[in-house]
Amino acid sequence: MTDATMRLAYISHREETKMSQQTGVRADDSYSGRQPTSHERRAGLPWDASYLDGPAPWDTGQPQPAILRPAGEGAFAGAVLGAGCGTGENALYIASLGLHVLGVDVAETALSIARKKAAGRGIDADFLVADACHLDRLDRVFETVLDCGLFHTFDSAERRDYVASLASVTGRGGDLYVLCFSDVGPDTGPHPISQEELRAAFKRSSGWSIASISPDRCQTRFDAQGAPAWLAKIERI
Ligand SMILES: C[S@@+](CC[C@H](N)C(=O)[O-])C[C@H]1O[C@@H](n2cnc3c(N)ncnc32)[C@H](O)[C@@H]1O
């Protein structure tokens, strides 16, 4: 699938959601008192709307293979935070390994789906509405943090807040894994990120040290091969 086609699919998903709002299927489009993110301002809809009419384009119903690999190598340890966890496939997989996982998201509908999946699969994991740019409000510390598809949705001002917010809840020596669309190769995803942008965001003066950035893939519902992505391992210093 080309970049243009995937963008169209995203837009069409958004338009379908807007239509269901107009027909009254969705009654409440509030942002629950928080500022809309840059993505929500561009879309003209809260993130929650993406989850109302069937699976969102990124919601493949499975953990991302790019996350399964480090998980299988023991990358996730201690208390794990899933930032922008959506309907929780990655968080649930990590929890199924016996780790304590908290998934946070601004989309209550996604979290409610995640909770139902956890109950249906007999997996112990917690899901909570929280703004990833204000994680200090959780008053918690995690050993490992996973961001699958959130970082690349933020503009540069939000990235600064997000990076500081992540630092506030990641214990020193802890690891953050970021899977985001990359700008390398054909058919890039809708928010391609360069290695330089990752390095600029997670600089030492912000409390982070990049351990590795590897080319990988991020699957979508339209492309099982996945779009080009970076898997970054970033240490809290
Ligand atoms: C592209 S989706 C990825 C979802 C999930 N990680 C996955 O891989 O299926 C981005 C997710 O981040 C959430 N999100 C966006 N901005 C957020 C914020 N400021 N705080 C918490 N979650 C946010 C959205 O609601 C959405 O579920």
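The talk below turns to a helix, a sheet and a ligand shell.

Mentor: Keep in mind that this is a predicted model.

Trainee: Why is helix H4 called largely enclosed by the rest of the structure?
Mentor: A residue is buried if 20 or more other C-beta atoms lie within 10 Å of its own. Six of the eight residues of H4 (residues 89-96) are buried, so the helix is largely enclosed. They are Glu 89, Asn 90, Ala 91, Leu 92, Ile 94 and Ala 95.

Trainee: Which elements do the buried residues of H4 pack against?
Mentor: Helices H3 (65-72) and H5 (108-121), and strands E1 (79-83), E2 (100-105) and E4 (142-148).

Trainee: What makes E3 and E6 edge strands?
Mentor: Start with the order of the open sheet: E3-E2-E1-E4-E5-E7-E6, with mixed pairing. Strand E3 (126-129) and strand E6 (208-220) each have a single partner strand, so one side of each is left without a neighbour in the sheet. Neighbouring strands here are turned by 20 degrees against each other on average, direction ignored.

Trainee: How do you know that E5 and E7 pair?
Mentor: Pairing needs at least two bridges. Strands E5 (residues 170-181) and E7 (residues 223-236) have seven, in the antiparallel sense. Leu 176 stands opposite Ile 234 in E7.

Trainee: Which residues come nearest to the ligand?
Mentor: Of the 19 residues around the ligand, these are Trp 47, Gly 84, Gly 86, Ala 132 and Gly 149. By class, the shell has 11 nonpolar, five polar and three charged residues.

Technical notes: Residues are numbered from 1 along each chain as its sequence is written. This is a predicted model: local features need pLDDT of at least 70, side-chain atom pairs count only at pLDDT 80 or more; totals for chains, interfaces and linings use all residues. A residue is buried if 20 or more other C-beta atoms lie within 10 Å of its own, exposed if 12 or fewer, and partly exposed in between; C-beta atoms are placed from the backbone. Helices (H or I, at least four residues) and strands (E, at least two) are DSSP runs, numbered from the N terminus. Two residues are in contact if their C-beta atoms, placed from the backbone, lie within 7 Å. A residue is near a molecule or strand if its C-beta atom, placed from the backbone, lies within 6 Å of it. Ala, Val, Leu, Ile, Met, Phe, Trp, Tyr, Cys and Pro count as nonpolar, Asp, Glu, Lys and Arg as charged, and the others, Gly among them, as polar. Axes are lines fitted to C-alpha atoms, for helices over the stretch in contact, and angles run from 0 to 180 degrees between N-to-C directions.
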